[in-house]
Amino acid sequence: MFEARLSSTALLKKIVDALKEILHQSTLDCSDSGIQLQAMDNSHVSLVSMSLRSDCFEKYRCDRNLSLGLDLRSLTKVLKCASGDDAVTIKSADKADKLQLSFESASMDRTADYELRLLNLDQEHLAIPETDYACVVHMPATEFARICRDLSTFSESVVIACTKDGIKFSANGEMGSVNIKLSETSKGDVSVQVEEPVTLSFAGRYLNTFTRATPLSEKVKISMAPEVPLLVEYPIEDYGYIRYYLAPKVDEPDS
Amino acid sequence: MFEARLSSTALLKKIVDALKEILHQSTLDCSDSGIQLQAMDNSHVSLVSMSLRSDCFEKYRCDRNLSLGLDLRSLTKVLKCASGDDAVTIKSADKADKLQLSFESASMDRTADYELRLLNLDQEHLAIPETDYACVVHMPATEFARICRDLSTFSESVVIACTKDGIKFSANGEMGSVNIKLSETSKGDVSVQVEEPVTLSFAGRYLNTFTRATPLSEKVKISMAPEVPLLVEYPIEDYGYIRYYLAPKVDEPDS
Amino acid sequence: MFEARLSSTALLKKIVDALKEILHQSTLDCSDSGIQLQAMDNSHVSLVSMSLRSDCFEKYRCDRNLSLGLDLRSLTKVLKCASGDDAVTIKSADKADKLQLSFESASMDRTADYELRLLNLDQEHLAIPETDYACVVHMPATEFARICRDLSTFSESVVIACTKDGIKFSANGEMGSVNIKLSETSKGDVSVQVEEPVTLSFAGRYLNTFTRATPLSEKVKISMAPEVPLLVEYPIEDYGYIRYYLAPKVDEPDS
């Protein structure tokens, strides 16, 4: 028996919005300690990893480890039917082929019960090696989203360069070129820890799908090291995170 | 000579919005007592009936009974050109082939006069038999609209079940199933009068078009009896109503 | 060397929005006194003329006359990436093939530098003859935009008639007809100077593209004389204007 209750549906909506673009279907691994998800995106280029501790929930019970295969687009449709301030309870029996979602409104005597078919999905467990990153940048999540969107106008590739002076995003295309520079600010909006400067090139459209997680967090953490995948991390309050990994482009970035 | 003046165009906009999706063209029957409309929807499945008493108007004159055949989509285009707080005067001579609409703004010396071609439409007068309904439910119109929209995500059919405990809406499709239950609330948002419990199945897309009338009324009244059409009624302030009728699906509802 | 700095990008956005629909590409003529643009629209029917004096800019330097051929759609994409309250500096070296745009945000240590390719465009200099207009109307720019949009619903042609009583806009099509009359108001929203009444017919879709300039000015000035092009003028604060010219339709207007 698995049962988890959140006092507000809003958080669940944000998490599913952050995942559904990059994964159409995926498996939630539920255990006593919380819920985990790890998967390659639909085109097998980037990787997403989510962790949500059990203390995020008002009520949490997981008698035995359970893998719930979900169609995230169907789940999105169900969540669209709920108000952000509804309480939501997610339930599944141990060998069930269905996930139950119950929404209760505080203000009205209204309950809405949904049953979603569970899917049998192949699951490859991917080991993510621990990495010592040469550069770690914290910046406002909305600013990162805006830069990724703006640079996509110019080119498919985005170059990210990190030095002690700050972080620079560049793109170069038919129409012209763009450089956006952020420096560490006194008010602490942007912070940069650099052991060694790094310049890497990435496919902009993956960065753009990562920014679907923007509503989850005020800040995003960007970690880079030469020749290893970029890590873009959005904390989920104090209860976990969504992490996106994207390998750099092999061709030399034009910095 | 027919002439009717409303101090605000907003009400007229809401009425036409409630009709234009279900009827592309229709005939308004004007008499000394007010304006009536009754017609099958474009696909001849549901029926709509509107009544607006003459005292709804600031000024009302109808010398002899008049049938005005209108293209509701053209009328919508004209109404889009008016502000909700313009005063509007509708006029037609006795054997005219045109309807005149004049809009006056309070704040500026602006008048806008429109002439719409009238249409000769075949008109069948449909008798709606008086029915004693086994269940009558009053509920917030926005809640009804939201439920109809949400259930359409799951299935073409919507099952409505009414008992002394409340009203339940259900749908069951490929993706999964949903049950939404509303109970009578102490604050009177939802009230249920039940002589005999009724469960009927309906085509959700018609219910959805009925909810175009939502801006007209705070509450909607839903009346059901076995084997007779559902009645969904939106009052137009104290001056009349829009009523929609929809026959239940003949196949057994899966309750 | 050309360099011009505006303390807010908002004005530049409005100017480019007013031009980009009517001109996909165009040449800015920069001189010591300011920036000028004059061109036929993409379909060579209407003419647009812009003038912006150098004192509009916080900083302005133009060592020698310079013609900057720009793709206005690319420029629009760049401006979309900037906030309205960013400061913007536009630069170009004397024989450069690039235009540099630099945006600085006040609130954050953020700079965004763009380079746009310059184009070699054929430029015909069109003499606009001085005209004594028989009618000059000042009216709210939003009202003019609304009327042009509303009348397009009815017909491709818009008849504008100006008399001492006011200005009247008419359209007549399949669906019906419309007349919108504005009179001079005591509060001065609408003012009409008439030496001789004028009635002319115009292609509505050009009028509609002119109204892209609406956010620039509270008032628009409309000048007419028999058999000469209509002039629609939007002042750019106290620093210049955008003027649109449109020849009347040759067929007799049905007034």
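Strand β9(B) and strand β13 (residues 176-183) of chain C run antiparallel and are joined by seven bridges, where two strands are said to pair if DSSP finds at least two bridges between them. Within this pairing, Arg110(B) has Leu182(C) in β13(C) as its bridge partner. The strands and helices named here are DSSP runs numbered from the N terminus, with helices (H or I) of at least four residues and strands (E) of at least two.

The model is predicted, so that local features need pLDDT of at least 70 and side-chain atom pairs count only at pLDDT 80 or more, whereas totals for chains, interfaces and linings use all residues. Residues are numbered from 1 along each chain as its sequence is written, chains are lettered from A and ligands numbered from 1 in the order in which they are written, and side-chain values use heavy atoms, with hydrogens and water left out.

**Chain B against chain C**

The contact between these chains (heavy atoms within 4.5 Å) involves 19 residues of chain B and 23 residues of chain C. The salt bridges counted between chain B and chain C number three, each being a side-chain nitrogen of Lys or Arg within 4 Å of a carboxyl oxygen of Asp or Glu. One of them joins the side chains of Arg110(B) and Glu143(C), at 2.2 Å from N to O. Side chains of opposite charge can pair when their charged atoms come close.

There are also eight residue pairs in polar contact between chain B and chain C, with both residues at pLDDT 80 or more; a polar contact is a pair of N or O atoms within 3.5 Å, where within protein one must be able to donate a hydrogen and the other to accept it, and residues adjacent in sequence count only if both atoms are side-chain atoms. On the side of chain B that touches chain C, α2 (72-80) and β9 (110-117) of chain B each supply at least two residues, and the largest share, eight residues, comes from β9(B).

**Chain C against chain A**

Here 19 residues of chain C are in contact with 23 residues of chain A. Strand β13 (residues 176-183) of chain A pairs with β9(C) in the antiparallel sense over seven bridges, and the bridge partner of Val178(A) in β9(C) is Tyr114(C). A salt bridge links Arg146(A) to Asp86(C), with the closest N and O atoms 4.0 Å apart.

The table lists the area buried at each interface, which is the accessible area (1.4 Å probe) that two parts lose on being put together, summed over both.

| Interface | Buried area | On carbon and sulfur atoms |
|---|---|---|
| Chain B and chain C | about 1600 Å² | 47% |
| Chain C and chain A | about 1600 Å² | 47% |

**Chain A, chain B and the whole structure**

Over all chains, a search of the whole structure finds 44 salt bridges. Among them, Arg146(B) and Asp86(A) form a salt bridge whose closest N and O atoms are 4.0 Å apart. This pair crosses between chains, from helix α3 (residues 141-152) of chain B, which holds Arg146(B), to the loop between α2 (72-80) and β7 (87-92) of chain A, which holds Asp86(A).

**Arrangement of the copies**
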